[in-house]
Amino acid sequence: MNPWLTFACVLVAGGVGAVARYSLQRALPEKGTGIPRAVLIVNMFGSLLAGATAGAMVDGKLDTAFGVIVITGLCGGLTTFSTFAVETMELFRVDAWKSGYLNILITFVGGVGLATVGFVLTRAVL
Amino acid sequence: MRNFVAVFVGGMLGTAARFGVDSLFPHSITEPSWNTIIVNVVGSFALGMLTGTLWIRPSTPAWLKAGLGAGVLGSFTTFSAVALGTSMAVMSGHFEVAIIDLGFALIWGLLAAILGIFVGTKFFNNPRPGAVIVDEGVDL
């Protein structure tokens, strides 16, 4: 694939991912002291999809350009770290310590776990 | 509608910037993902600062918050790359890479956010000390 076309597709995919994340944030507004659900959901789904796509790219079964569009564009745009960090710090600031720590634990353990599951699954199936 | 357009355009810009940082700091699976660490630390600091400044100004339009927060910074920073990078490093036996990727994201990223919030509220404007921003999470 032409590198400029790949780059353009990565940008559009990033924009689509951002709109999907923003839509879920609007659909699931945060209550203040609970775990921020919208960002947790997109981060878990994006990690699973990124892992699954990387697994499909092993041995060139999935085109590299397509993989970059999904992983760097779609998953990168869909998932976010900045909102996770700021929302977690805000939980600590309003003394919602349990929610804050749980959010960190679930995000990191869940994200790495789901990326691994996605990778292993598509690699085994394809 | 205007908010969604702002998020889409901002998302493309943030993704382009992250793609640029990725190209500047290429790395193999045996090296830590400095590119991802850089975007997440810079982006978390910037978002923290914005929530302490622009966000709490009543005059800031919603589309600007959406475009800059959910759009540019939301897409500039990434979690899937942290998860995937850590997972790949563990699966290939490079545990020291996994510890740096995960540990730096956790410690530096969260510290950058709190530092950004602190700098924003203390040094730029502080209409309500200890302002709670979580209830404005919709626009983040």
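This is a predicted model: local features need pLDDT of at least 70, side-chain atom pairs count only at pLDDT 80 or more; totals for chains, interfaces and linings use all residues.

The reply below starts with the helix pair and then turns to the chains and their contact.

Reply: Two packed helices are described by the angle between their axes and the distance between the axes. The crossing of H4(B) past H5(B) is left-handed.

Which residues meet where H4(B) packs on H5(B)? From H4(B) come Val82(B), Gly85(B), Thr86(B), Ala89(B) and Val90(B). On H5(B) they meet Phe95(B), Val97(B), Ala98(B), Asp101(B), Leu102(B) and Ala105(B). By class, the residues of this contact are 8 nonpolar, 2 polar and 1 charged.

Confidence is the next point. Chain B has an average pLDDT of 88, and 89% of its residues score at least 70. One stretch of chain B, residues 129-140, stays under 50 in pLDDT. For that stretch the model has 31 contacts beyond four places in sequence. For the model, ipTM is 0.94 and pTM is 0.91.

Chain B also touches chain A. The contact takes 52 residues from chain B and 48 residues from chain A. On the side of chain A that touches chain B, at least two residues each are supplied by helix H1 (3-27), helix H2 (37-57), helix H3 (64-78), helix H4 (82-93) and helix H5 (97-125) of chain A. H1(A) gives the most, with 12 residues. That side of chain A divides by class into 23 nonpolar, 20 polar and 5 charged residues.

Chain A itself has 5 helices and 0 strands, and its elements run α-α-α-α-α from the N terminus on. The C-alpha trace of chain A spans about 50 × 30 × 20 Å along its principal axes. Of the 126 residues in chain A, 54% are buried. Counting contacts in chain A between residues at least 6 apart in sequence, 78% join residues at least 24 apart.

Methods:
Residues are numbered from 1 along each chain as its sequence is written. Chains are lettered from A and ligands numbered from 1 in the order in which they are written. Two residues are in contact if their C-beta atoms, placed from the backbone, lie within 7 Å. Helices (H or I, at least four residues) and strands (E, at least two) are DSSP runs, numbered from the N terminus. Ala, Val, Leu, Ile, Met, Phe, Trp, Tyr, Cys and Pro count as nonpolar, Asp, Glu, Lys and Arg as charged, and the others, Gly among them, as polar. pLDDT is the predictor's confidence in each residue, from 0 to 100. A crossing is left-handed if the near helix is turned anticlockwise from the far one by less than a right angle, and right-handed if clockwise. A residue is buried if 20 or more other C-beta atoms lie within 10 Å of its own, exposed if 12 or fewer, and partly exposed in between; C-beta atoms are placed from the backbone.
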